[in-house]
Amino acid sequence: MFFERPDSGEVAILVHLKLDSEREPEDPREFEELVISAGGDPVFLVAGSRSTPHRKYFVGTGKLDELKQAICEYCADIVIFNHSLSPSQERNLEGELECRVLDRTALILDIFAQRARTHEGKLQVELAQLQHMSTRLVRGWTHLERQKGGIGLRGPGETQLETDRRLLRARIKSILKRLEKVRSQRNQSRRSRERAEVPTVSLVGYTNAGKSTLFNRLSASSVYVADQLFATLDPTMRHIDLDDVGSTILADTVGFISHLPHKLIEAFKATLEETASATLLLHVVDAPSEMRQINIKHVNDVLSEIGALKLPTLIIFNKIDLLDQTDQKIDRDASGRPIAVWLSAQTGIGCELLLQAMSELLSKDMICEQLKITPGMGKLRAIFYQNNAVIAETLRDNGDSLLKVRIPRIDYLRILKDLSINPTQLTEIN
């Protein structure tokens, strides 16, 4: 660790302890990547193990002395823990170390604050930050007490701390109200898509698994892509056309991470609802990663928390170009249904197989018939063409058209109903 460091950024001392009480310890390599993604310059890692965290400082007194020495030696600006700290532990550490102290939750919140671009994304991040901050307003403000006033102004008043808490509560309430409006707008758009029977496919997966690269490959878009954690924060949607399916919504979403702070899940509930209501989930997995199975479990944990675990899911094993002797392929279950696709979003290898698998999973009951269309049915003929349903057409001398169409049965019946045409009016030629 710590070979290639950026030339600029806050000098950071990292703290990672292996705790006997932790069932799933954090990954120190991922922790370093998080710090770099936040713009930090990690120069030293304080590692160790304990049965349980120290109640006052999280680390023991020996590690506390080691931290003080490292801060002095490297002129560090900040100490970041790969754990969740209580407000009192954070305050006690800052008093002893005389520099800023952040825990894992605050670090992820900072990265999200840097990545947010849309108005909704900024609101969601601010909400999570305020909720995190509200538990840490415990410093003394006695020098700013307003318990006394002049003549005619005497009264109980309120302390600065109470004022801050009141302002925080007011701001949180305001953001929640605005996000509720966003959620209402999303629900309205979702209902419109459901009425139009437009399927939605959501890309989900561990952060930096290649979701945005795959999104750009499938939708011919230019969503920001970078080899860093949480490169994508704001959800993006695009229309794509699939064979036997037609218009489909493809959604790129924020990446998940181990022990994603609950505050973030709550704050991003409006966005994550798009995932929970998707027709199909594409679970993108970094195939070469040594943590592949563990990362899959972490993603499933978040999907379970938002009520999306039971949705139809297609596993995408990405980055096969970095694996030896792994070819593009579709894995199927005993019934022949696609369950996984092996591909490389970067090179495009296997993406055609993905589109094929998506079409198989989303395709409706199709009809493929040859129909006789009389001259008086010109509007019906035009609608078939508008829906890309015409495979071939033959014109007869009497002006009739023989159309060979392939179209979802439900769309076929809806079109005939809108035009008040009985299916028996169309002479079928087999």
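Which strand does L282 lie in? L282 sits in strand β8, where strands (E, at least two residues) and helices (H or I, at least four) are DSSP runs numbered from the N terminus. Keep in mind that this is a predicted model, so local features need pLDDT of at least 70 and side-chain atom pairs count only at pLDDT 80 or more, while totals for chains, interfaces and linings use all residues. Residues are numbered from 1 along each chain as its sequence is written, and side-chain values use heavy atoms, with hydrogens and water left out.

**L282 and its surroundings**

- L282 has 0% relative accessibility, so it counts as buried; buried means under 20% relative accessible area, exposed over 50%, and partly exposed in between, with a 1.4 Å probe and protein chains only.
- Setting aside neighbours within four places in sequence, L282 is in contact with V201, S202, L203, V204, L314, I316, L354 and M358, contact being heavy atoms within 4.5 Å.
- A340 is 58 residues away from L282 along the chain, and the C-alpha atoms of the two are separated by 9.3 Å.

**β5 and its partners**

- Strand β8 (residues 280–286) pairs with β5 in the parallel sense over five bridges; pairing here takes at least two DSSP bridges between the strands.
- One spot to look at is G205, which stands opposite V284 in β8.
- β5 also runs parallel to strand β7 (residues 246–252), joined to it by four bridges, and T200 has I249 as its bridge partner in β7.
- β5 (residues 200–205) is mostly covered, with six of its six residues buried.
- T200, S202 and V204 point one way from β5 while V201, L203 and G205 point the other way, and all are buried.

**The four-stranded sheet**

- An open sheet of four strands runs in the order β2-β1-β3-β4, with parallel pairing.
- β2 (40–50) and β4 (100–102) are the edge strands with a single partner each, so one side of each has no neighbour in the sheet.
- From one strand to the next, the twist averages 20°.
- Four bridges join the parallel strands β1 and β3, and A12 has I78 in β3 as its bridge partner.
- Helix α2 (residues 61–74) lies across β1, β2 and β3, and runs at about 165° to β2; axes are lines fitted to C-alpha atoms, for helices over the stretch in contact, and angles run from 0 to 180 degrees between N-to-C directions.
- Helix α3 (residues 87–97) packs on the sheet too, touching β3 and β4, and its direction makes about 145° with that of β4.

- L64, L67, A70 and I71 are buried in α2.
- Looking down the axis of α2, its buried residues fall within an arc of 120°, so they line one face of the helix; the arc is that of the directions from the helix axis to the C-beta atoms.
- Behind that sort of pattern, an α-helix has 3.6 residues a turn, so residues three or four places apart point the same way.
- The buried residues of α2 pack against β1, β2, β3 and α3, whereas T61, Q69, C72 and E73 are exposed on the other side of the helix.
- Just after α2, C75 takes a positive phi of about 50°.

**Helix α10**

- G307 follows α10 and has a positive phi, near 75°.

**Nonpolar cores**

- The largest nonpolar core has 27 residues, of which V35, I80, L107, F256 and L303 touch the most other members; such a core is a set of buried Ala, Val, Leu, Ile, Met, Phe, Trp, Tyr and Cys residues joined through side-chain atoms within 4.5 Å.
- β1 (10–19), α1 (28–37), β3 (78–81), α4 (104–115) and α10 (292–305) each supply at least two residues of this core, and α4 gives the most, with four residues.
- Not counting residues up to four places away in sequence, L303 touches V204, F256, T275, L281, A308 and L309.
- A second, separate core has 25 residues, including L218, C351, A357 and L361.
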